[in-house]
Amino acid sequence: MDAYDLITQNAAEVVTEDEVRSLAEDPDGKRAYVGYEPSGVLHIGHMLTANKLIELQEAGFEVVVLLADVHAYLNGKGTFEEIRETADRMREQFVAYGLDESNTEFVLGSEFQLDEEYTLDLHALELETNLSRAERAMAEIQSGDTATVAQAVYPLMQALDIVYLDVDLAIGGMEQRKVHMLARDTLPSIDEEAPTCLHTPLIADLSTGVGKMSSSAGVSISMEDSEEELREKVNKAFCPPSRDPEPADDGADRDNPVLQIFEYHIFPRFCDVVVERPEQYGGNLTYDDYESLAADLDSGELHPADAKGALADYLNELVAPGREKIREQRS
RNA sequence: CCGCUCUUAGCUCAGCCUGGUAGAGCAGCCGACUGUAGAUCGGCAUGUCCCCCGUUCAAUUCGGGGAGAGCGGACCA
């Protein structure tokens, strides 16, 4: 696989393709980053962007993980003390998940975001940005239902982080795209380059297939889930025998979250996927890529119940080291 | 600072005017049907009615005070 394909594999979008192509010409030493608000436990959304970081490392990129303590604070996630504590735990969980510790730069936001120069640049960006634009950028990220001034500043800091961390490629889930577009629009006004961005898809809500899986409300998969919990959550997931489910009764688009997890989480990390299946249904199946598994589910060759069993097995394997780490952290 | 509106089930809200400790939809849980889930059908549950004081035999409901949230307070019309 060439560098461009590896970089863009499983991406929902890339801004812009040309910019990524030119990065792909010589990826060695190029820098990519993701920022995360520290939270106590990694969930499946964190793991999705982490997969991309792992692939970028394979492609030769230097990877920066911003543990965005100041952002979390601005977004009302707690006191600095609480947030910093979870930042530490989060770093350890990322390493347990598979980010190469010696090859990943973990940076705490407060290490540079409180410097005078940064602050003045931030004010310059504030001057260039109206409130409604900032609010729109935050719509899918903000906690609480009405935006605070802190939350208006938040996306501007993300823009500036890209400059200060000297990043060539900004990574984020699709919920980050408006922030990144704001960064592309605004940074040139302070004589900085518009960043190149790559956005990962969002996994659909596990129980309905509509919208995105919620980490706050509803069912989500996280690193602290026991094998039994994983099995139960996967088993309860919406999974028609189709890769392209019919819209819901209210017309809302639906995806197949079980397939999505295979595509974005399992196949990127495992060469072969073995679906154990009772003899009466035809015995075990082995897949070496997502396409063939999805095609079999779609055709009826692979029953959703068997796919779910396999999904729980592999998810459990992915989560196990992190779960062990969390157990340690709590003891 | 001033004014208006809101606060009842996990969520969105009804009820309060005309006091007798509460309802709907959605979500949830259980069961049936499917070798998964969903859909469908059947069943089940849930509440410091924001807090305090007062009136009353009795307050979610009336009165007073307080808290939290939202919106508004130039000009023009």
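Select Asp185 and Arg133: they form a salt bridge (a side-chain nitrogen of Lys or Arg within 4 Å of a carboxyl oxygen of Asp or Glu), with the closest N and O atoms 3.0 Å apart. Asp185 lies in helix α9 (residues 177–186) and Arg133 in helix α7 (residues 131–138), so this pair ties together parts that are 52 residues apart in sequence. Helices (H or I, at least four residues) and strands (E, at least two) are DSSP runs, numbered from the N terminus. Asp185 counts as exposed because its relative accessibility is 52%, while Arg133, at 21%, is partly exposed. The cut-offs here: buried is under 20% relative accessible area, exposed is over 50%, and partly exposed is in between (1.4 Å probe, protein chains only).

Before moving on, some housekeeping: this is a predicted model, where local features need pLDDT of at least 70 and side-chain atom pairs count only at pLDDT 80 or more, while totals for chains, interfaces and linings use all residues. Residues are numbered from 1 along each chain as its sequence is written, chains are lettered from A and ligands numbered from 1 in the order in which they are written, and side-chain values use heavy atoms, with hydrogens and water left out.

Now pick Glu105 and Arg31, whose side chains meet in a salt bridge at 3.2 Å, N to O. This one links distant parts of the chain: Glu105 sits in strand β4 (residues 104–108) and Arg31 in strand β2 (residues 31–36), 74 residues apart. Is Arg31 buried or exposed? Arg31 counts as buried, at 13% relative accessibility, and Glu105 is partly exposed at 35%.

## Stop three: within one helix

Jump to Glu17 and Arg21, another salt bridge, with the closest N and O atoms 3.4 Å apart. Because they are four residues apart in helix α2 (residues 17–25), about one helical turn separates them. Both ends count as partly exposed: Glu17 at 44% relative accessibility and Arg21 at 41%.

## Last stop: a negative patch

Finally, select Asp244, Glu246, Asp253, Asp255 and Asp298, which form a negative surface patch. Patch members have over 30% relative accessible area and no salt bridge, with like charges joined within 9 Å. Zoom in on Asp244, in the loop between α10 (227–235) and α11 (257–266): at 59% relative accessibility, Asp244 counts as exposed.

Definitions and conventions: Patches are made of residues with over 30% relative accessible area and no salt bridge: like charges are joined within 9 Å, nonpolar side chains (Val, Leu, Ile, Met, Phe, Trp, Tyr) within 5 Å. Accessible areas come from the Shrake-Rupley method with a 1.4 Å probe; for residues, only the protein chains shown count as cover. Lys and Arg count as positive and Asp and Glu as negative; His and the chain ends are not counted. The place of a charge is taken as NZ of Lys, CZ of Arg, CG of Asp or CD of Glu.
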